[in-house]
Each structure stands twice: as C-alpha cells, then as structure tokens.
Amino acid sequence: AKSIQLAAKGNFDPKLFYQFNDKFFKDKNYYQLSNGGLSIPTRYGVEFKTGYEQNEGLYLNPENNTPSKGLYYTQISLPLVQGLMTDERRTILKQSQINVKASQAELDFQLNELFYKAGKSYLEWQLSYMNLNIYREAFELAKQRFVALKKSSELGDRPSIDTVEADIQVLDRLAGWQQAEVEFKNKSIQLSGFLWMENNSPALLDSSVVPDLSTIASLQNNLTNQNELMALIDVHPNIRAGIFKLEILNVEKKLKQEKLKPAINLNYNPLFDAEKIGRAS
C-alpha cells in the first residue's frame with residue numbers, strides 16, 4: 001500500500017522532457033524538430049510547463065516555424081469546470097492514502113487473530129493443567145480408599161469384593177490421569193507454536209513450566225460491561241477496513257461525477273524569441 005502511495009505521489013513530480021524528430025532524404029534536411037523543457041503538475045489542478053523549441057528544414061510545416069535561434073515558451077493550464085475539484089491523479093493519490101489506512105486496519109485484524117489464537121491456546125493449556133491436577137488428586141484419593149478398604153478387609157470389617165471394586169477404580173483413575181498427562185503435553189506443544197526466541201527461532205515449552213492459575217480470577221475481574229464492548233466494536237479493524245473501502249469508493253464516485261462536467265480549460269502560453277532575449281541580456 002505504501003509503494004502504491006509512493007507511485008501516486010510520483011504523478012506530481014516535475015518531469016523533464018525532450019522530443020526530437022527529423023527527416024533527411026537525398027542529402028536534404030526536410031525538417032528537424034526539437035522541443036525540451038520542464039513540466040510541473042500540482043495537486044490543485046494547475047499545471048506549469050516551460051521549455052525551448054527550435055525547428056528548421058526545407059519542408060518545415062509552417063505551424064512549426066520558429067526564430068533562427070529558437071523559441072522559449074511558458075504554459076499555464078487551469079481547468080475551469082471538469083478537473084477543477086478533482087482529477088485522476090488527485091483521485092489515485094487520495095485512494096492510495098486511504099488504502100494505507102485500510103491496510104493498517106487489515107494488519108491489526110491479523111494481529112488480533114494471532115492474539116486470539118494464542119490466548120485461546122493458553123487457556124486450553126491452562127484448562128488441561130487443571131484437569132491434570134484433578135485427575136492426579138482423584139487417583140491419590142482412590143489409592144487411599146483402596147488402602148483403607150484393604151486394611152478393613154484384612155481385619156474382617158469389609159468383604160474382599162470391595163477391594164476389587166476399589167482396585168478397579170484406582171486403575172480407572174490412573175488411566176484418566178495418564179490421559180490427562182497426554183492431553184497436557186499436546187496442549188503444551190500447541191502453545192509452543194506461539195513461542196519464539198529473540199533470533200526468530202522456534203521455542204519449545206519446557207515440561208517444567210506450568211500455567212499461572214491466578215490469571216483466571218484476573219480475567220473474570222477484567223471483563224468489560226456491555227457499553228465498553230459496544231465502544232470496542234466501533235474500532236474493530238474489520239469495521240475500520242470496511243469504512244476505508246467505502247471512502248475509496250466515494251472518492252472514485254466523485255471522479256466519475258467530475259467527468260460528467262464539460263471540459264473547459266484556460267491555457268496561457270506566452271512565447272519569447274530567443275534572439276531578442278539574447279540581445280536584451
């Protein structure tokens with residue numbers, strides 16, 4: 001977008017030009033036309049041009065006649081109706097300026113998506129860690145229950161079948177704990193996809209790193225109310241990008257409306273004989 005804006009600004013840069021055309025046939029100089037100068041467009045629709053023209057030849061078109069030492073000229077062009085308010089160059093520049101803002105909004109949207117995915121991955125990693133703790137605690141409780149029932153069975157207070165049921169429960173809780181460990185490792189690997197070192201090399205989350213469970217309380221305390229959420233909608237990158245695109249279409253609409261006007265230009269072209277200027281100097 002910035003490159004397009006730079007190119008649009010280039011349409012208003014001063015331009016040096018030179019044109020040369022000649023015809024020689026059978027050692028005769030039919031005509032020799034040379035014209036060079038400087039053209040300066042402005043952002044207000046006015047265009048300035050100055051240059052030097054020198055033409056000669058046996059069969060020169062009368063409209064191209066110039067004094068022997070050439071002719072200096074100046075031209076000022078001003079659109080009176082069509083092109084006064086806007087033209088293609090000014091429209092392209094305005095659109096490129098808006099497009100830079102729209103591109104920035106799209107960039108913000110992509111960053112928001114990245115932060116959302118990273119935050120979601122972190123919360124899933126945090127949840128899997130909480131589940132892991134629950135399954136670990138459940139396994140420890142089931143194991144304690146099994147030990148207690150086993151002692152009660154040995155003392156004759158409980159039937160032996162109760163220890164079988166408790167043992168099955170221990171194995172079930174152990175399987176759940178192991179599954180929770182696998183889930184936590186998978187979520188850790190997914191979260192590592194958002195971690196990078198300073199040299200832009202990917203980083204792997206260390207197995208000893210665990211989430212901070214206090215962030216859940218802070219998230220609950222920082223929840224915004226409905227009015228604050230509505231205020232955030234107005235600055236949403238997608239909405240801002242849509243507004244900028246509407247502005248680009250509106251600028252194009254103004255150009256098309258401008259082209260419906262009649263084309264009337266005011267041109268002022270003073271000419272100066274190079275020979276007379278030389279005598280005066």
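Guide: Let's start at Asp27, which counts as exposed because its relative accessibility is 82%, over the 50% cut-off for that class. Please keep in mind that this is a predicted model. Asp27 sits in the loop between E1 and E2. Its backbone has a feature to look for: phi of Asp27 is positive, at about 60°, although the residue is not a glycine. Most residues other than glycine have a negative phi.

Now look at Lys26, which is in the loop between strand E1, residues 15-25, and strand E2, residues 28-41. Lys26 also has a positive phi, near 55°, and is a residue other than glycine. With a relative accessibility of 67%, Lys26 counts as exposed.

From the loop, let's move on to a pair of helices. Helix H1 covers residues 2-10 and helix H2 covers residues 88-154. Their axes lie 9 Å apart, and the two pack at an angle of about 160°. Angles over 145 degrees count as roughly antiparallel, and H1 and H2 are therefore roughly antiparallel to each other. Their crossing is left-handed. On the H1 side, the contact is made by Lys2, Ile4, Gln5, Ala8 and Lys9. H2 brings Ile92, Leu93, Ser96, Gln97, Asn99 and Val100 to the contact. Sorted by class, the contact of H1 with H2 has five nonpolar residues, four polar ones and two charged ones.

Definitions and conventions
Residues are numbered from 1 along each chain as its sequence is written. This is a predicted model: local features need pLDDT of at least 70, side-chain atom pairs count only at pLDDT 80 or more; totals for chains, interfaces and linings use all residues. Side-chain values use heavy atoms; hydrogens and water are left out. Helices (H or I, at least four residues) and strands (E, at least two) are DSSP runs, numbered from the N terminus. Buried means under 20% relative accessible area, exposed over 50%, partly exposed in between (1.4 Å probe, protein chains only). Axes are lines fitted to C-alpha atoms, for helices over the stretch in contact, and angles run from 0 to 180 degrees between N-to-C directions. Angles under 35 degrees count as roughly parallel, over 145 as roughly antiparallel, 65 to 115 as roughly perpendicular and the rest as oblique. A crossing is left-handed if the near helix is turned anticlockwise from the far one by less than a right angle, and right-handed if clockwise. Contact means heavy atoms within 4.5 Å. Ala, Val, Leu, Ile, Met, Phe, Trp, Tyr, Cys and Pro count as nonpolar, Asp, Glu, Lys and Arg as charged, and the others, Gly among them, as polar.
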